[in-house]
Amino acid sequence: MAKSPEEEHPVKTFGWAARDPSGHLSPFIFSRRVTGEEEDVRFKVLYCGICHSDLHSIKNEWGSSNYPMVPGHEIVGEVTEVGSKVEKVKVGDKVGVGCMVGACHSCDSCANDLENYCPKLILTYNGIYYDGTITYGGYSDSMVANERYVVRIPDGMPLDSAAPLLCAGITVYSPLKYFGLGEPGKHIGIVGLGGLGHVAVKFAKALGSKVTVISTSPSKKAEALEHLGADSFLVSRDQDELQAAMGTFDGIIDTVSATHPIMPLLSLLKSHGKLIMVGAPCEPLEVPAFSLIIGRKTTAGSCIGGMKETQEMIDFAAKHNIKADIEVISMDYVNKAMERLEQADVRYRFVIDIGNTLAATKPSS
């Protein structure tokens, strides 16, 4: 007979979970494993970012949700316990866990530090761990992960604004590096100025690229240029602006998670230009073949990054003072935050103050 979430593991844990596709989150008692004689790291969760993936997942919009679900894969905190085989971190260290907590460690992807592309990737939440139990995320008071999947947060880096980098940051940093777009002399476009887009601008500028923000909202122009440091701004609904910019981009990072036309973006690329999709619309996108053939253009995707690259990204962000722009919220505000996120009413990432507000929501026993 299957054990309840509260009985699966020895260490009682408290968080918030969705119970069904309504996506409503509420207090939830479950459990986590002990560290023991293993390479596991336990840490007290202090902050957890809210990713758009959390919203899709709690509502089962991708059709793969298991309930109850504790979301959250932008998790930072302080180490409280380590297994006897842990070498990477020690008690008191500031650490984070992003989108994954396991993989096969034997395939080509794992051998090349690309655990994120392992066919047996284990997600931080809504995944199945090696022992057959469901994984639970960071909307909780503690987290346990194998040290391979733990990122060291550099001293002096603010934990609240570092949290979103564990998903949003690596999601844009990895394609900038892999596709050779984050380099001096390259002109790149960032489509969408949300949770992903705003950190994409910051990383691209720090890597030396010329950056144009591409948006449907003219009202975001001042923000893009004056606050985020973009070099220029293009309104994608303005045909004159599109026409003037045709064939001028080496690459485009598309962060938009809503269905939108791709052909106008392809027209902006130079010959051999690259359009990289990192947003995840629920509906298929139309990509006309001739818009790729003429100019030998590429449309590709990218999904977070391996653990080695994630640590590299965090270290780079600390060195260049790259932080997510956040709105810190209390745990009991999370359902309202999800409503606002659905309306794109956030600048630019919600982060839950787990350490200071979660305990107050725990039901009295």
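**Salt bridges and their partners**

Modeller: K270 has a relative accessible area of 32%, so this residue is partly exposed. The model is a predicted one. The partner of K270 is D250, with 3.2 Å from N to O in their salt bridge. Because D250 lies in strand β13 (residues 249-254) and K270 in strand β14 (residues 269-277), the pair ties together parts that are 20 residues apart in sequence. D250 counts as buried, at 18% relative accessibility.

Across the whole structure, a search finds 14 salt bridges. One of them joins E81 and R42, whose closest N and O atoms are 3.8 Å apart. This pair links distant parts of the chain, with E81 in strand β4 (residues 75-82) and R42 in strand β3 (residues 40-49), 39 residues apart. E81 counts as partly exposed at 33% relative accessibility, whereas R42 counts as buried at 7%.

Another salt bridge is formed by E223 and R347, and here the closest N and O atoms are 2.8 Å apart. Again distant parts of the chain are linked: E223 is in helix α6 (residues 221-227), R347 is in the loop between α11 (334-342) and β17 (349-352), and the two are 124 residues apart. With a relative accessible area of 16%, E223 is buried, while R347 is partly exposed at 46%.

Salt bridges can also share partners: E327, R340 and D345 are joined in this way into one network.

Notes
Residues numbered from 1 in each chain as written. Predicted model: local features only at pLDDT ≥ 70, side-chain atom pairs only at ≥ 80, totals over all residues. Heavy atoms only, no water. Salt bridge = Lys/Arg side-chain N within 4 Å of Asp/Glu carboxyl O. Helix = DSSP H or I, 4+ residues; strand = E, 2+ residues; numbered from the N terminus. Buried < 20%, exposed > 50% of the residue type's maximum accessible area, 1.4 Å probe, protein only.
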